[in-house]
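Here is a short tour of one protein chain, written for a reader who likes to follow along in the viewer. Please keep the sequence and the 3D view open side by side.

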Amino acid sequence: MLIYQWVQEKDGESLAMRLRREPELKLALMVEPEAVEGVWRAFGLPPQRAQDCMGGGATRFESDEGYDFMTISIPPLIGQGQGFHRISILYRPRLMVIVAQRLPVLEAMRKQHHAADAPEEELEGLLYRFFDRLTRQDILSLEAMEQELALLEESVMMGAKSDYLAKIVDLRNRVMTLKRYYVQLLRLCQDMEENENGLISGRQLKRFRILTRRVERLLDTADSLRDYVSQVREAYQSQVDINLNNLMRIFTVVTAVFSPLTLIVGWYGMNLKMPESRWDLGYPMVILLSLAVCAVTVVLFKKKKWF
């Protein structure tokens, strides 16, 4: 018989006594962080592991004499909500203690376990189901990020006006967070596969190998997304360079158009007596000459397709 439920600190003693009385009983207990010390004392669990549950740190796995201990730091993209979610699991024969807040994945497992048609399962099966649920929908999150990147790349290439740099940086940070998470999760799965304490049966061990392959694929997808983000950033930078070149070309054309006019102004600005200065039509002719120079320059540039 397997009992899988949330427990309070006051429930620890009675459950520990029942575990000693009933050889067929197996316990999978979910404990919130504030109830860890009482449950740890009731079952005589290693005190240092209680401190590890309360502390921070990255995902890790340790196999000690008679038990396995692991911690998982789930990023908000996977665990939902704000900030990282820390889950600690101590696993030994007939007992598994999960220290965590009431996350949706744990609540879903509890409801499934208590369903009327739920099959009887072993502790290692429950442990596998936790990691299975934890990673089952991750590919959808990664595909959503890929679609977001594709739309962003399309907007960049179309030249739409937006704050692309902030979006690219945000996507890069999210992808790198997932990549670090999958690297650590893959190491944890590989450590569980080694099964140093022999706590996982051969049949369940095959399922954990499948889980490891899944995490490897998720890591490969996260790596591909990281490369995709780099490509989008390069496309954005290229678009910025193109826009800058267009702007500089406009300035160059404007400068070229007004350069002959500057020459005319300089010529007639000289303090010299010119014959045409005494001509009645001199001023209108200078105006016409200036307009003609501008027109010829603009037509010439258009033929050259400089703008």
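This is a predicted model: local features need pLDDT of at least 70, side-chain atom pairs count only at pLDDT 80 or more; totals for chains, interfaces and linings use all residues.

## α6 beside α9

Let us begin with α6 (123-136) and its contact with helix α9, which spans residues 202-268.

On the α6 side, the contact is made by Glu124, Gly125, Leu127, Tyr128, Phe131, Asp132, Thr135 and Arg136. Their partners on α9 are Gln204, Arg207, Phe208, Leu211, Arg214, Val215 and Leu218. By class, the residues of this contact comprise seven nonpolar, three polar and five charged.

## α6 beside α8

Helix α8, residues 164-194, also packs against α6, at an angle of about 160 degrees and with the axes 13 Å apart. Angles over 145 degrees count as roughly antiparallel, and α6 and α8 are therefore roughly antiparallel to each other. This crossing, too, is left-handed.

Which residues meet here? From α6 come Leu127, Phe131, Leu134 and Thr135, and from α8 come Tyr181, Leu185, Leu188 and Met192. The contact of α6 with α8 has seven nonpolar residues, one polar residue and no charged ones. Leu127, Phe131 and Thr135 of α6 take part in this contact and also in the one with α9.

## The cover over α5

Helix α5 covers residues 104-113, and its buried residues are Val105, Leu106, Glu107, Met109 and His113. What lies over them? The cover includes the strands β1 (2-7), β2 (26-31) and β6 (95-99), together with helix α6.

Tyr67 sits in strand β4, residues 67-74. With a relative accessible area of 7%, Tyr67 is buried. Setting aside residues up to four places away in sequence, Tyr67 touches Pro46, Gln48, Arg49, Glu62, Leu90, Tyr91, Arg92, Asn197 and Leu199. Pro47 is 20 residues from Tyr67 in sequence, and their C-alpha atoms are 13 Å apart.

Glu193 belongs to α8. Is Glu193 buried or exposed? Glu193 is buried, at a relative accessible area of 18%. Apart from neighbours within four places in sequence, Glu193 contacts Leu205, Phe208, Arg209, Thr212 and Arg213. One of these, Phe208, is also part of the contact of α9 with α6.

## Positive phi angles

Most residues other than glycine have a negative phi. Arg94, although not a glycine, has a positive phi of about 75 degrees. Arg94 is in the loop between β5 (85-92) and β6, where it is partly exposed with a relative accessible area of 29%.

Asn195 is another non-glycine residue with a positive phi, of about 55 degrees. Asn195 lies in the loop between α8 and α9 and is buried, with a relative accessible area of 15%.

## Cysteines

How many disulfides does the model have? The count comes to zero. A disulfide needs two cysteine sulfur atoms within 2.5 Å.

How values were computed:
Residues are numbered from 1 along each chain as its sequence is written. Side-chain values use heavy atoms; hydrogens and water are left out. Buried means under 20% relative accessible area, exposed over 50%, partly exposed in between (1.4 Å probe, protein chains only). Helices (H or I, at least four residues) and strands (E, at least two) are DSSP runs, numbered from the N terminus. Contact means heavy atoms within 4.5 Å. Axes are lines fitted to C-alpha atoms, for helices over the stretch in contact, and angles run from 0 to 180 degrees between N-to-C directions. Ala, Val, Leu, Ile, Met, Phe, Trp, Tyr, Cys and Pro count as nonpolar, Asp, Glu, Lys and Arg as charged, and the others, Gly among them, as polar. Angles under 35 degrees count as roughly parallel, over 145 as roughly antiparallel, 65 to 115 as roughly perpendicular and the rest as oblique. A crossing is left-handed if the near helix is turned anticlockwise from the far one by less than a right angle, and right-handed if clockwise.
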